[in-house]
Amino acid sequence: MKRIGLEYEKYLGKNLFVFDVFGSIKGIEPEIDGVFTLKGYLDDNVFIVKYQKLISEVIETLKPRPKEVTVLGHLESGLCRLFKNPVRVQRKAWNLMMEVPLKLSVVKTYILPECPPMDELVYFCSDLVVEGLLKEDRRKLIVTKGGENEP
């Protein structure tokens with residue numbers, strides 16, 4: 001985010017939170033406030049249960065509670081490498097977002113060739129989608145709006 005000039009630091013831990021799925025699976029501890037991982041054993045089902053608990057804990061710490069929170073899912077296509085059924089995991093995570101008592105803006109980033117099945121969900125469950133691709137040996141980003149009425 002710094003490389004492209006986004007000043008995220010004043011929002012991180014207040015109304016911007018980053019959840020590091022890769023760090024959770026690989027046991028990498030975050031060193032920045034507002035960045036979270038899950039600890040212990042994780043599989044497709046345990047991940048969702050622990051993720052739901054983390055969301056509840058984070059919401060309870062928000063004082064005063066903001067009206068809106070932005071959730072950044074970095075490289076969602078990586079779910080294909082981390083879980084047996086990544087589409088099911090993404091659907092369950094999206095269902096959790098529907099239960100959150102705040103207005104959420106969901107940003108998903110993904111690379112289609114890394115996880116083609118994710119293409120069916122990423123636009124439906126996101127307010128903003130950042131898709132990375134290689135074109136003519138150059139990296140490109142396509143930023144598009146996701147679903148109309150979804151969280």
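Predicted model: local features only at pLDDT ≥ 70, side-chain atom pairs only at ≥ 80, totals over all residues.
Local features require pLDDT of at least 70 and side-chain atom pairs pLDDT 80 or more, while totals for chains, interfaces and linings use all residues. Residues are numbered from 1 along each chain as its sequence is written, and side-chain values use heavy atoms, with hydrogens and water left out.

**Exercise 1.** Determine whether Val69 is buried or exposed, and list its contacts beyond four places in sequence.

*Solution.* Step 1: locate Val69 in strand β3, residues 68-73 (strands are DSSP runs of E, at least two residues; helices are runs of H or I, at least four; both are numbered from the N terminus). Step 2: apply the accessibility classes (buried under 20% relative accessible area, exposed over 50%, partly exposed in between; 1.4 Å probe, protein chains only). Val69 has a relative accessible area of 4% and is therefore buried. Step 3: collect the contacts (heavy atoms within 4.5 Å). Val69 touches Asn15, Phe17, Leu62, Leu102, Lys103, Leu104 and Ser105.

**Exercise 2.** State how many salt bridges the model contains, and characterise the one between Glu114 and Arg81.

*Solution.* Step 1: apply the criterion (a side-chain nitrogen of Lys or Arg within 4 Å of a carboxyl oxygen of Asp or Glu). The count comes to three salt bridges. Step 2: for Glu114 and Arg81, the closest N and O atoms are 3.5 Å apart. This pair links distant parts of the chain, 33 residues apart: Glu114 lies in the loop between β4 (103-110) and α5 (119-122), and Arg81 in helix α3 (residues 79-82). Step 3: classify both residues. Glu114 is partly exposed at 31%, whereas Arg81 is exposed at 59%.
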